[in-house]
Amino acid sequence: MTKVTLGTSVSFHYTGTLDDGSVFDSSDGRDPLQFTMGEGEIIPGLEAAFEGMSLGDRKTVTVPADQAYGQHIADGVQQVPREAIPDDIPLELGTKLQLQTPEGQTMVAAITEVSDTHVTLDANHPLAGQDLTFAVHIVALG
């Protein structure tokens, strides 16, 4: 029986949950997710869990934050003056803005707070700082 090793193409269904049991993502009702082992196409802790698995195998694995989307970084949260946000951008919680750093890099930040004078932007991944649990089922190997 073929086992997942470096270079194996893996198709799998999954359900991802947080510590409180809430589902943050699932392939339910969609095509399975596909990746090639060792290519870094999925988060490192989840990829490592597939090592040695076979077609049809199921597993539940908890991936610590540092092997998923990293820790929440306080420097990734910035307050900017409200007037610095163009008038055509809705100041609604969760709105994502594309920003450019002084070095010219592009990054995405979400609006997390709006006051009369400031808008708080968070450039951390929404799942940063959280341990993630995945229930996976391998449906194809190549």
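A: Start with burial: a residue is buried under 20% relative accessible area, exposed over 50%, and partly exposed in between (1.4 Å probe, protein chains only). This is a predicted model, where local features need pLDDT of at least 70, side-chain atom pairs count only at pLDDT 80 or more, and totals for chains, interfaces and linings use all residues. Residues are numbered from 1 along each chain as its sequence is written, and side-chain values use heavy atoms, with hydrogens and water left out.

Now the rings. Rings of Phe, Tyr and Trp (its six-membered ring) pair if their centres lie within 6.5 Å; planes under 30 degrees apart are stacked, over 60 edge-to-face, and the rest tilted. The structure holds five aromatic pairs. One of them joins Phe-12 and Tyr-14. Their centres are 5.8 Å apart, and 50° between the planes makes the pair tilted. Phe-12 is buried, at 0% relative accessibility. Tyr-14 is buried too, at 9%.

Another pair is Phe-24 with Phe-134. Strands (E, at least two residues) and helices (H or I, at least four) are DSSP runs, numbered from the N terminus. Phe-134 counts as buried because its relative accessibility is 6%. Phe-24, at 26%, counts as partly exposed.

There is also a cluster. Phe-12, Tyr-14, Phe-35 and Phe-50 form one aromatic cluster.

Next, charge. Side chains of opposite charge can pair when their charged atoms come close. A salt bridge needs a side-chain nitrogen of Lys or Arg within 4 Å of a carboxyl oxygen of Asp or Glu. By this rule the count is one. Asp-25 and Arg-30 form a salt bridge, with N to O at 3.4 Å. Asp-25 is partly exposed at 29%. Arg-30 is also partly exposed, at 45%.

Thr-95 lies in the loop between strand S5 (77–81) and strand S6 (96–100). Thr-95 is buried, with a relative accessible area of 17%. Its side chain reaches the backbone oxygen of Glu-92 at 2.9 Å. Contact means heavy atoms within 4.5 Å. Leaving out residues up to four places away in sequence, Thr-95 touches Pro-90, Ala-109, Ala-110 and Ile-111.

Notes. Polar contact = N/O pair within 3.5 Å; in protein donor to acceptor, adjacent residues only side chain to side chain.
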